[in-house]
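Hello! Here is the structure I promised to pass on to you. Have a look at it first, and then read my notes below.

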Amino acid sequence: MLKYTTRRLMFAIPTLIVISFVLYVLLDLAPSDPTGNLPLTIPPEVREKIRDQLGVNDPIHVGYLKWMRQFFINEPLHIFEQATGLSIGDSSERVRVVSFTTRSPVVDLILDRLPQTLWVVGLSYVVGILIALPIGVISAYKQYSWFDQIGTFVSMVGFSVPTFFTGLLLIILFSSTLGWLPSIYDTTLRVTDFSSFWQQVKQMIMPVTVLAFYNAAQLSRFMRASVLENLNQDYVRTARAKGMKDRAILVGHILRNSMLPVVTMIALGVPTIFSGAIITEQIFRVNGLGHLLIHAIQNGDIYLIQSLTFIFAVLIVLFNLIADLLYGVLDPRIKYT
Amino acid sequence: MRKHIYLIGLFLVTSLLFSCGSPQDSEIATVSSTDRNNTMESTENLESVELNGDSRTLKILYWQAPSILNPYLSSGTKDIESSSLIVEPLARYDSVDGEMVPWLASTIPTMANGGLASDYRSITWNLRTDVIWSDGTSFTAADVVFTWMYCSNEEFGCVSSNAFKDVAQVVAVDTHTVRVEFTKPMYFPYGPFVGSLTPIIQKEQFKDCLGAAAQACTEQNFNPVGTGPFMVEDFKANDVITFIANPNYREEGKPYFQKVIFKGGGEASSAARAVLETGEFDYAWNLQVEPEVLEGMQDTGKGELLTGFGSNVERIMVNQTNNDSSLGREKRSLYLDGTNPHPFLSDLNVRRALSLAIDRSILVEVGYGDTGRPMCNVIPAPSKFVSDNNEECKTQNIEEANRLLDEAGWVRGRDGVRAKDGIRLSMLYQTSTNSVRQDTQALVKEWWSQIGVETELRHIDGAVFFGSDQGSPDTLGKFYADVQMYTNNFEGIDPSEYVESWVCEEVPGPHNDWNASNIPRGCSADFDALVEQLEVTEESQDRIETIKQINDFVVQNYWEIPLIWRARVSAKSVSLKGVKMNGWDSELWNVADWYRE
């Protein structure tokens, strides 16, 4: 398995390099301008100078190689120096990947945003899973019962109603009309005592609900299908014939077998946590990674978009591998060599 | 077998821990980053805030999030306005008609008080002596000189460099007197150091950030030392700024607010909701939302709208060059010394008819409400520059428009579209994506169809339309359309530089990388003569007259069809007092005077 993992990781390197190049070319060719949001009174010549200074006008290969060097050499060196306190070469002259709009290192911006995304989007993922699995199992076990019908209906709604609609609905209901929950996520809030903790919970309820609803809808359908498939298998009939209780069959045999594809699904979905829920973060003004990405796109901040999307690409490749490995661990029939 | 269930469980638990563990880390991270300077001080601040409750905290919401607090490196109005709480210019523009008020200067220099040289080649500012930077050092002429050096550095790419382009040098006469010397006579010498674009930054803090080094000065750019009422406590780029009151602020007892939360992000209508409906914020900026939506929100009585009229005019630019897509890159929308005129928009009667057919008051009613007024000039303010020769446009006159077109020989075809010599009056009308603009487009299209002009509508994302990507065919500079609509204005209160934008030399094309300002590509020797005349006119009344003539020339030739004088529109909560909405300077210009009742 170690050999398999190493081989997969080796293959990932050229894949990621190709991905990063394609990303950069797409971004460079896309019509965006970091000076596009400046007041119109700033004359065009001045804008041109700003663009020159930022390096927007560099030819495509120069820009790409510059990013490669900053991202793959300078940034790791910087992290190493920060961690060890050593300095390698002339560290003051080393240019890190810098955002066009904030003129500050991209990695710092990302690290600043990561906690909010993990907290809100990650929690909604966990909540989604915790809701989806039991619903899926029960719906399958009691197929076509009223529980299954309602479950099907709710997950269809969750699946087909977009988050910008449910988000807005919740804001109008709980913030505008009832005034119970804040519609804007306060990132300056620090949890120090119970009341600030309660405030933190309050401001997380709506975004987490919206996302959990959406995630749960997808997963519960998947779980249901998977359990249904296993219910009619021969081993279930054998177990029944042996006189095992239904509950024991369900929990001991069916659940484990039907979890196999679902766990893979869950693992594959983890990178989407990091890419944030762009729309939901925008609606509730949660300053997560999705929010950062949208801001970067609106401002033509090429290096920030490039670094963010590249990190997402790495995560997706990585979690694909993890999903594959997990499958092997869970199902002893599968052997990687 | 059983262990596999544990494995599944383990996976779920780890993913749970994984997402729960992070917030703790983040707390440590934020606490350490914000409090790294002085833990004592911030606990004191926290206490004082708690003592006064929430009432001494001002919450401002900008739906575009500030990225940097150095206005000279800004990427948009949001950065300029958020930094205006910290750094200040020598003089600001008042909310009423943009009159100048001394800010860090003690008086406005004029010819009468001897501040302005008789040859208009230099201006001498006397600085206030009671101004102290937020770090406790005193504000001197050296800081003003440094600000000029900082922004005019060639390797820097300064956003406000235009303000300094005619400055020969800035000299510190003594510690509190500064002389700005110009390379040519400046009849309006108040460009540098006036208004929100050119505030004074501290020499001590920025001295190592000159030229190319400016980019690496993250600490300075995120936390500039200022003379203004507030200073940065914590800045999360592209998200939120926490300001605290500047203890060294020059006016005793001000600012009223001890803390300002400046949140960014989202979009305009939800920002309006946060002030007008839920009352979570005290102030929200730039709310271009349909008037009926805003009215509905105002009904709750929690907030009210503010409007400030400056020089913003929503206008339709009429392309004077042929933009047929078959012409290719070498000819399309290029002036080419007048050899590439537009097939029908070069006819003055057509352009005039287009303007006459529009009912500006309906446009105001549908898209702007109290935040817009019908406008017939490209220079709508200050009042002394406003021409009264173009009032005709305020009443829609479709009959007259039809008569003009009939007379000019444009005959209606079977499909109702007029044509002459095989040329149909069929146009492409583009603008940026914005629901108010799309409503305007639809209305105008309908009126134009009534005079036999066919219109195809198109809207382009603002970031692309207002950008100037060389490779993009959709920028307003390329103007690959027959007419396009957007709002333009001029910086400050003096339009003399703005009126130069319609000279022949400024026609965009590949020779200047489309980086030029004569977007409608109108070119006339008479017009250029008027601008030259303005450049040598000294007497202020004569200048005003010339500027009016220039305005009339542009409007009466219909290079641009003015539609609406647009106000800046923001909202504040009812309990917030002292706000004077300003259409000329930063909206937050007098934040030191704001208080809560």
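In chain B, β4(B) and strand β6 (residues 177-182) pair in the antiparallel sense over five bridges. Strands here are DSSP runs of E with at least two residues, helices are runs of H or I with at least four residues, both numbered from the N terminus, and two strands pair if DSSP finds at least two bridges between them. One of the bridges joins Ser122(B) to Glu181(B) in β6(B).

Please keep in mind that this is a predicted model, where local features need pLDDT of at least 70 and side-chain atom pairs count only at pLDDT 80 or more, while totals for chains, interfaces and linings use all residues. Residues are numbered from 1 along each chain as its sequence is written, chains are lettered from A and ligands numbered from 1 in the order in which they are written, and side-chain values use heavy atoms, leaving out hydrogens and water.

The open sheet has three strands in the order β4-β6-β5 (chain B), with antiparallel pairing. β4 (122-126) and β5 (167-174) of chain B are at the edges with a single partner strand each, so one side of each has no neighbour in the sheet.

Now to the two chains. The contact (heavy atoms within 4.5 Å) takes 81 residues from chain B and 71 residues from chain A. How many salt bridges are there between chain B and chain A? The count is one salt bridge, meaning a side-chain nitrogen of Lys or Arg within 4 Å of a carboxyl oxygen of Asp or Glu. Lys49(A) and Glu154(B) form a salt bridge through their side chains (3.4 Å, N to O).

Enjoy exploring!
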